[in-house]
Structure formats: structure tokens, C-alpha cells
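Hi,

Here is the structure I promised to pass on.

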Amino acid sequence: MRIVSPNLALIFCLSSQAETLTSDAFGMFQGRDDERSQWAGEHRICDAQGCKSSSLANAELHNIAEFFGEKSLTVGSGIGMSLGLFHDVNGNLIRDGIAQAWVEEGDQNQTINVKDGVATGTFTVGTNAGLHIASITSDGKQSVRQTFRTVPDLSSVELGIETTGEDARAGDVFRFTTKPLTDQYGNPAPIGFMTWLLMKNEQGEHAFFPMISQYKNATDMINTTSMRGDYRYQLFSSYQSSDTYTLTVVPRRLTSIQDIEVDLELSTNVMFTQIHGLTTDQNHLVEDATQIEVTVHEANGLQSTYQLWSLDGNVEGRFAIHPGAFPVKLTINSDLGNLEREISESDVRRVQ
Amino acid sequence: MRNRPLYSIGLTILLLFTVYVIAIIAQSMSDRHTEYSYFYEALDELPETHEIVTWTDDQPKGRTLEENNKYDLALKITESWEAYALAMDKGNSNVLKDYFATTALERSTWVLESDPERRANMVMMGMTVDPQVYHLDGSLFQFRSDDAVYVRYLIDGERLSAFSLTKDCILTNLILRQSGWKIANHERDCSEDLPIRPSTLPWDLPPLKGINYYPKNSPWSGFWKDYDKAIIAEDIEKITDLGANSVRIFLNVDDFTRSDSAKRSIENLENFLEQTQDASIYVIPTLFDFRGDLSPHTWPADRYYLDRVLPILASASNVAYVDLKNEIDLDEGYQNPALVEAWIRTIIGVARDIAPELKYSIGWSNAENATRYASLLDVISYHEYGDAKDSKLNFERVKIAANSKPVIVSEIGETSYDLTLGMPSNLKKQAKHLQTRLDQLSASDGVLVWSLYDYPDLDPKAVSGSFWHKGIQKNFGLFNKFDQIKPAAQVFKEWKLHVE
């Protein structure tokens, strides 16, 4: 038996009078399907007498699925949405109803309306950063609790550096430590919060390096070996900047020599001279490649100057002398200061 | 001579054998091999997915819906229902998990598993999305639609045992998982049959004397790719010089849907309609040319195609009617006839919904099939390549069955292919046979000749087969490959079409 609707959009053929053809949201089937007969919405049933539509309503509430987001909300200003999806026992959407949305922080409650299976409520989060809980209840049913995190208000974290007021000495390792990094509500900035230190001197030389929060503050160290004079520095984040601070780096001084060994080569009248242990006032050997200028003052009035470089705190050179040179006075000049030493003839070893 | 009859028989046999050998040699010479340097050149391109979803201007409760969100959601909604149709068609539930979740996944899986014979299917053919709720964190999107077009059908063997084309009111939730959007809930609140009544507008066109048209150097798939306004203008002039008042053209699916060609093709179509209108030429556009596999998951793309071309055709004043599919009866030779029927019924319904003002027909391959689906169509059209002497009788039978609807014989033609010694045909025979056919059909509402030109380079997608068959197909034109008018053209020019 073939049945055609008046406007030709529907045709179907029944092999028997008893058969029915049903269409629903997911398609069409013949005969009986107990599972599908419980799916809410319009069912269109055609039989030998024609077609009729019937609408199946949802049953009572069976479960609530909650979606809370966004997942990282800024304390004090972030707005989170609690959204519930309401189903009956057959998976049909609950088309209308009332529910309660709850957020643990501040014990906030809202009555929300269920429409077409969905209910929403928005919450402004409190001032305590951390993990929080939300849930939705209705008709004695409760959603699985959702967790969400609130994060500090990084835009309000004020920046500053803890200072002692002391100068640094060149060659020192100088440590910078920020003041506690907390937002306006006292929440510490999270580990990994990025700040940058910009440091520059009057010559326009500058350095820019990150200081990353390790919880409550950030620290970093610099080596002042090649630094001299006043440096101004300032801390930045994406939102704020600190006051400007000044660091004075006092240069090192060359203060002592451990000893001097001299071998006098008789055949050439050259003093092979090793100056050991050039030491600064911080009791450090001078750095390798420190330029050392040695002037040899001979007793006969002659003098000569040599440009040398330090290695392991030592300097060595070959100095030509003339008859009547001793006692020889060596002046040792460098950026770190000057020293003098006298070498008498008995101080030297004679070699051929 | 006593042996004269024997001599004649022997000569005839020798002649036929010679023709046969020539044909075999020519066939082997014409076999071509194509060499590719890269695999991607040899393989078919992957089809593009186009969304068939439009939007209301409303914003949902919660998060603002931006254009990129709409694009993502529209594509996912389209793809999800394509996947549904594919899963039902192939009986493969794995694909459902990529597009459906929770309740919707359970239900779609139930539908599939409770139909092991894969009789039933449902295809979404377009909708307008009315956003309702969009979570602030972007994880859930709810929408309604009051005009979601769904086709539902049951197939038993090769018989379409149930078919329903409706506009549904639906409520759908999508949730965003790591792998993308998935339909979580889908409920139908109401439905109404999509009306597919024939057009109520009168047929007030003059008798159509026309030509099936491709330009000389760009037939079939070259037509829109190599469209040249100047060439079209010249050909229109030729067509009007022949006394024709109509042309039948072909709108390939790919040209009007692929992102690298659609815009250009639509502009060219507008130009073609404009030029023909200026020349007082009616146009019969034929849709879905080179439309292959009719598996249900491919049908949404047809909606996309119709949305693109039908408004253009509807806005033109010289479109006589739209030929929805060329020779769809031949598709039944290699696809399930029930599936073909479900498809064409869907296309008729959707086309009428998009452009109800247009008149529609189907270009059947022969008179026997001409009145199929006549109650759904406005014009009855078929092709007549049988014995010329039977053309009048065939037409009269169709005319009676058409029940006062106009009957257009949208393809007739004769070849002038002369392999040797006037076999199988020649210019004179072509003209003679065409004359006979035209005279037989002079009472019809329209006749269109295949074709304006000979086409020495046949499109392999359109014509395949033996050397002999191709030779015949190459030589149906009223003009030869050198642009010289053939005697058949004169026959066509002088022929008058009367409506009794």
C-alpha cells in the first residue's frame, strides 16, 4: 500500500495494514522501537489511515552536568559562568525548571531558570586566589562538583627591589631581590610571574634580564667584574614599573704581589722576570688578560716600558738591561692601581 | 557473369573487414597513457567541505559569537550530519564518535545498530542557526533552527519504500572537546513537509528551437574554466543566425563550488545570461553535470551548489526552465535506483524551496522514462536518439502522459562521422536524418539539437568508449572543427517549429 502526502514530500509503502512508519529527530523506522519511543520531541507516525504527529515531553530530572568557566579567573573582577545541562533518565533535555547554582567562595548562591535543558548563572569571583568549587542542584539532584581556579590580579602587583644601600665592589657577585610580589588582595604572584630588570650607566651601556618569581619574590645575581661607577636600574612587569634605584660599583685595587722571580741571562743581559700573585684588595688574583704595564728603571738612568698581560694572576716578561742597571726598580701599572718593587743584583739568578 | 553475386558478397566482406582493421588500428593509436611525476597529481583531489548553515543576526546568551566562531560551528554542524549519513550508509559507527557525544552519540549509535540492513538514513540539507546560549568559556553552544531541512528515507533492496522531506524545528547542543565540537543533544520539536508542488506560473514561452551549446575549443569541463566573453558573443550570433531562440548549457558542480573557481564561474554565468538575454535567447541550464556517486553523505554539498546557482538563475528573465539532472536514468545503471530516486526527490524539493519561481525538469535519456516524476516537475523533457521514424510516436505518447505540461525534446542529433565510404554516416546523411527527426517533432513545445560544433577533443569524463563510439560523438555539430557550416545547419535553419 503506497501512501503519498498531498504535497508529495512524503511517500511510504506499507507492506501490511498493521505496520507503522515513524520519523523522529534521528531518522525514520518501521514498526516498533521501544528505545526510540522514549526520545522526547516530535514523533510523526504514519499508518494505513495516514500520518499524525505527537510530541513526547521529557520525564523528571535525572542528572545535571555542570560546566563552569572560564577556568582561570582573576580575583576580584573575573566573571565565571556556571552552566547546567539537565537531562531526564532517557537523556532528554529538561525543557523548563528551577535550579540553584552555588560557588563555595563566598558561599554564593543563585536561582537560575532551566530553559531547553540549559540554565546559566554568572558569578563575580572573590579575592582569594586558589582552587574553588561550584555545583548546581535542582529537585534533589546535584551536579558533580566542578573546580575552577582564581588567579592573582597581576596587574596590581607593585614592584620594588630590596636594597641595603651598600655599594658593590667590582668582582663581587651582586644579588637583586624583589620586594614581596603580591597583588592588591595579598595574593602572592604565582611561580613564573615574569618581571624584567633594566640596568644602565651614564655611558649608555645597558643590560636587560628577566627575574622570574619563585613564589613571593624573584631574585637574580650579576657579576660586577667589568663594572665601574654608577648604574641606575628599574624593575618592570607587563603592568607596572618600580622606582629607579642606583647601584655604585667601586673598582678593585691592585694591592700586593706575592713574589718576583728574576733570571738574568748573562749572554743577552736580559732579565726573564716572573711577577707572581698580583692580588686585589678583595684578595683575588687579577683576572686573566688584565693589561699590566711594567716600566724598568735602571740605576744607570735608563728605563724601558713593556706591555704585558696577566694569566692566573701572574705576569712575565723579558726585560733588557744595561751595565750598571742594578738596583732595578720595577713599576707595575694597571687600571687597578700601581705598585713598585726594587730588584737588587743579589735577588737575581744568573743563567748562561 | 554467373559469379557476379558471389563477387559482390566477397567485395562487401572485404570492405567490412578493412573498415574493422582500420578501426582497430585507430583505436590502439588513440590509446593514451598519462605519466605523472608525483602521486598527488595522479590522485583525485579531496573534496572541499562547504557549510550549508546560515545564521540569524541574534547573539546568544553568554559569550559573544564572533565570525570565526560561526565559521567553525557552521562547518562542524555540516560535517557532523554528513558523518551521520555516512555512518548509516556504510554501517560504520566509528565515525560517529568524531562528531557526536553523550546523548546524541548514544542515540545515533542506537539508530545504526538497530538497522543492520542499513535501510534507513537521514541527511541534513541546510538550516538557519538561531544562537541561544554560548558558554563564557566557549565550551558549550546551544542553538535552535526553525527551518532545518532533513530528508529521511527507507530503502528496501532497489525500492524506495519511504521518503520524507521536511523542515524541522530543532534544538541542538554542541560541546567543545579537545578534538573539536561535537553534537551532544539533538531534539526535534516540530516538522512540516517541504512542499514540492509544481510551479503555478503559466508556461508562456514561445516554442523553443535551440541548440545544446559548448564553445568550439572548450567543451564540457572546459566551458567555465576557459570562458571567453568574446567567443560567447560570436557564438550567440551564430546561434541566432541559425534561427534558434534557445540554448541548453551545463553547470558543472566543481566549477561552481570549488573555492578556486566558484566566484569566477558565477560571474561568467551572469555574463552568459546577460548576453543571451540581450540576444533574446532563452537559456536552459542543466545542473549537476559530472555529478558522480550519489552516496547520501555527499548530498549536503548539493545544497551548497544549489544555493550558489539557483538565485542567479532565478534573477534572470530568460531562463526557460532548469534541467535538474542530465539523463539521471542512466545513473540507475550503476547506482541503486532507490538511492537515485531519493536523491532526485530531495533535489527537487530543495530547489523549489530555494527558488520556487523557477520551473524545473529532468533531462531523461529517452522517451520511455520521460514522464517519471512528472507530478513533481513543471516541464517534461527527454532526449531522442532512437530511430528517427519513431520520434513522432514517442513524442505523442509523452505528450499525452504529460497531462498538458510542456514537452521539450532537449536533445536530438545526428553524426556526420565518415570513417570510410560514408560509413557510418556523412554530411549528407546527417542532414537527411536530422530533417526527418525535426519534421517528426514539429508539434513539440521545443527541440534542441546536439550540438553547435564538432568536438575533436572529447572530454574523457563525458565521453569514453571505443574509437568508433568516440568518432561518432565527435561529429554531431552543425559546424565542423574548421568552423565551416555543415548541410545539417541549413536544415536546422530552415526548419520551423509549430505548436499544434
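Some ground rules first. This is a predicted model, where local features need pLDDT of at least 70 and side-chain atom pairs count only at pLDDT 80 or more, while totals for chains, interfaces and linings use all residues. Residues are numbered from 1 along each chain as its sequence is written, chains are lettered from A and ligands numbered from 1 in the order in which they are written, and side-chain values use heavy atoms, with hydrogens and water left out.

Let's start with chain A. It has zero helices and 33 strands (DSSP runs numbered from the N terminus: H or I of at least four residues for helices, E of at least two for strands). Its radius of gyration is 44 Å, well over the 20 Å that the globule rule gives for 352 residues, so chain A is more spread out than a compact globule. (That radius is taken over C-alpha atoms, and the rule is 2.2 Å times the number of residues to the power 0.38.) Along the principal axes, the C-alpha atoms of chain A fill a box of roughly 140 × 50 × 30 Å. Of the 352 residues in chain A, 45% are buried (buried is under 20% relative accessible area, exposed is over 50%, partly exposed is in between, using a 1.4 Å probe and protein chains only). Among contacts in chain A with a separation of 6 or more, 54% are between residues 24 or more positions apart (a contact is heavy atoms within 4.5 Å).

Chain B has 15 helices and 17 strands. A compact globule of 500 residues would have a radius of gyration near 23 Å, and chain B, at 26 Å, agrees with that. Its C-alpha trace spans about 100 × 50 × 45 Å along the principal axes. In chain B, 57% of the 500 residues are buried. For contacts in chain B between residues at least 6 apart in sequence, 73% join residues at least 24 apart.

- A:Val89 sits in the loop between strand S9 (79-88) and strand S10 (96-103) of chain A. Its relative accessibility is 56%, so A:Val89 counts as exposed. Leaving aside residues up to four places away in sequence, A:Val89 touches A:Glu60 and A:His62. Between the C-alpha atoms of A:Val89 and A:Asp263 there are 103 Å.
- B:Thr166 belongs to strand S6 (residues 159-177) of chain B. With a relative accessible area of 1%, B:Thr166 is buried. Not counting residues up to four places away in sequence, its contacts include A:Arg44, B:Tyr150 and B:Asp193. B:Thr166 and B:Asp193 are 27 residues apart in sequence, yet 4.3 Å apart in space, C-alpha to C-alpha.

Finally, the cavities. (On a 1 Å grid over the protein atoms alone, a cavity is a set of points where a 1.4 Å probe fits but cannot get out, and lining residues have an atom within 4 Å of a point; points are joined across faces, edges and corners, and the volume is the space filled by probe spheres set on them.) Which residues line the largest cavity? Among them are A:Phe26, A:Trp39, A:His43, B:Arg107 and B:His186. Strand S5 (41-47) of chain A and strand S7 (180-193) of chain B each supply at least two lining residues.

Cheers

Conventions: 1 Å grid on protein atoms, 1.4 Å probe; cavity = no way out; pocket = protein on both sides within 12 Å on 5 of 7 lines; lining within 4 Å.
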